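Welcome, and thanks for having your viewer ready. Let's walk through this structure one selection at a time.

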Amino acid sequence: MELILAIGIGVLVGSGVWLLLRPRTYQVIVGLSLISYGVNLFIFSMGRLRVNASPVLPSGAPVDPTQYTDPIPQALVLTAIVIGFATTALFLVVLLASRGLTGSDHVDGREPN
Amino acid sequence: MLLSDHLIILPILLPLATGALLLLFDERRRVLKALISAVSVLMLAIVAVALLRLADADTGTPTTGVYLLGNWPAPFGIVLVLDRLSALMLTLTAMLACASLFYSLARWHKSGPHFHTLFQFLLMGLNGAFLTGDLFNLFVFFEVLLAASYGLVLHGSGTLRVRAGLHYIVINLAGASLFLIGVSLIYGVTGTLNMADLAVRIPAVPEENRMLLEAGGAILGVAFLVKAGMWPLSFWLPTAYMAAAAPVAAIFVILSKVGVYIILRLSLLLFGAGAGASSGFGEQWLLFGGMATIAFGAIGVLASQAMGRLAGFSILVSSGTLLAAIGLAEIEVTSGALFYMVSSTLTISAFFLLIELVERAQDPAADILAVTREAYGDDLDDEEEEEEVGVAIPATLAILGICFAGCGLLLAGMPPLSGFIAKFALLTAMMNPEGFGAGGVIPAMIWALVALLILSGLSAMIAMTRAGIRTFWAPIEGTVPRVLLIEIVPVAFLLLLCLAITVQGGPVMRYMEATARSLHAPENYIRDVLSAPRMPAPAREAHQ
């Protein structure tokens, strides 16, 4: 499981970085999205991978922490997803504004000669 | 809990409430919005000064104000921490906010929707980032301020702004990813996100995990260095700042200092003297990177034709100086650097505001020599022309000229203003690490840094003189710009603040030294955060 997750994160971030370095704004936004997916999985994996363990403790009864997975990275991922989603949406608007104002989807707003 | 205890969270709540309230009003109720925003910023300034006095109240033992959000004890809940450094940054932010907001009331706040709301949210993010004692909470506030800054950098629209804003957003989104990777790596190794708790746990990190921890710290650092504008990561900065509207650029000056602030805090707290095997991690990088930034900034200052670019590169010089000073990690140098940070931030902010006023006067024909200006786009002037109401000031050119000369002196670090004191404090501290005249051989690295600092001042002087001659003396038939009182007063206010810290150099320097001492010996900070008492549960009324 560790290997699959590691390869998955690597492929996502690798493709994301490659797309981020491309000259078209649409490629850049897809690249940023892929990077943020990779990063979210990475945050998740930093709480150690556990199968069939819940992150929520029952109230009242004494608990054995080894039976549960770390809840903090999951909370962090939730926040990161929300923020990433919002900023990506905002970037999409700027991308469209740039396309409308400059008539080009190049990141510099003009076609290279 | 006393009212003064709740004062710590007010710099976050006040802009948040104001920003949300402003959303309820239609854009046409401009006067009302401006009024609410202005009152809020003034209150913020009062709160910030009150917090500054609170943080500096006890000179003997440094006391750290800790605010437990949700009443959870420190390593588990999120804490807000007020010490001298964060109080200083809060005050600096509030001063810049006052100046830029009042400046914007003359015309800029009309040139796009939701200016005041975004401005307030930016302040909320800034204040939160300065106050928080938790790494992930820092990320959240960082994103709040970035999201607001994305809106503000586009304020006024226009091709140039959208183009520069696009680059700005992409770079900061990529930086946010790095931030997350760094934070989660540090969490994965240490199991905590509280800065004080991290400082306790880092010396105990086992050897096989230390590399991961340092990688996390380095990746986190890169995210802030992008914001601060260290050399290979800084190419976006001058263009974005030049393209932004004048009041926006003026408040953005503090944005680059957020990066510097966090690097200063984290490098001394997490990788300071008490960090065991990781002690001093990254200092060399900061020193060399800072020096490269000074060199790049100084060359950029000399090469700039447009004054907006000149100001943008001045930010890089300022950031580079600060980063190099942090890299030296000595108490005296740090206190000099803090003084330099206040002085240079106020100066560059005033300069950004001034540029727009000065350039308003310029006859396009007078700029034929400045051919390269065209490359940066002439569409800065496409703001809607409206009838301006307000008091125009007399003797405009003379006042603008005096302000310009003041900015020049401050940027170059010439006596008699605070720029000189700041540079002098830095240089003496670097050359006399063990007290005046007591040091042994000064290493070559220090000589190089001293030379770079002096040369960067020289290049600022040359560039400012050239720009001043071209603007104020060269035009034969100069058109006098129409400058409103409300536009020149903020510039004068910022410059007078520089004058004030010059005149009050002794007390200000004492404050900076106390700040630097507590930063270099964070034991009190750690103890105060981790032992902050919880509030007792409110006594419930007996129900029947």
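Keep in mind that this is a predicted model. Our tour starts at the second largest pocket, whose volume is about 700 Å³. To find its centre, select A:Pro71, A:Ile72, B:Pro75, B:Phe76 and B:Tyr187, which lie closest to it among the 28 lining residues.

Next, colour by element around the pocket. Two or more lining residues come from each of helix 3 (71-102) of chain A, helix 6 of chain B and helix 8 (195-201) of chain B. Which of these gives the largest share? Helix 3 of chain A does, with five residues. If you now colour the lining by residue class, you will find 17 nonpolar, seven polar and four charged residues.

From the pocket, follow helix 6 of chain B, one of the elements in that lining, to a helix that it packs against. Select residues 135-153 for helix 6 of chain B and residues 207-228 for helix 9 of chain B: their axes are 14 Å apart, at an angle of about 25 degrees. Since angles under 35 degrees count as roughly parallel, these two helices of chain B, helix 6 and helix 9, are therefore roughly parallel to each other. Their crossing is left-handed.

Now show the side chains where the two helices meet. On helix 6 of chain B, pick B:Leu135, B:Leu138, B:Phe142 and B:Leu146; their partners on helix 9 of chain B are B:Leu220, B:Phe224 and B:Lys227. This contact between helix 6 and helix 9 of chain B is made up of six nonpolar residues and one charged residue, with no polar ones.

Definitions and conventions:
Residues are numbered from 1 along each chain as its sequence is written. Chains are lettered from A and ligands numbered from 1 in the order in which they are written. This is a predicted model: local features need pLDDT of at least 70, side-chain atom pairs count only at pLDDT 80 or more; totals for chains, interfaces and linings use all residues. Side-chain values use heavy atoms; hydrogens and water are left out. Axes are lines fitted to C-alpha atoms, for helices over the stretch in contact, and angles run from 0 to 180 degrees between N-to-C directions. Helices (H or I, at least four residues) and strands (E, at least two) are DSSP runs, numbered from the N terminus. Angles under 35 degrees count as roughly parallel, over 145 as roughly antiparallel, 65 to 115 as roughly perpendicular and the rest as oblique. A crossing is left-handed if the near helix is turned anticlockwise from the far one by less than a right angle, and right-handed if clockwise. Contact means heavy atoms within 4.5 Å. Ala, Val, Leu, Ile, Met, Phe, Trp, Tyr, Cys and Pro count as nonpolar, Asp, Glu, Lys and Arg as charged, and the others, Gly among them, as polar. On a 1 Å grid over the protein atoms alone, a cavity is a set of points where a 1.4 Å probe fits but cannot get out, and a pocket is an open set with protein on both sides within 12 Å along at least five of seven lines; lining residues have an atom within 4 Å of a point. Grid points are joined across faces, edges and corners, and a volume is the space filled by probe spheres set on the points.
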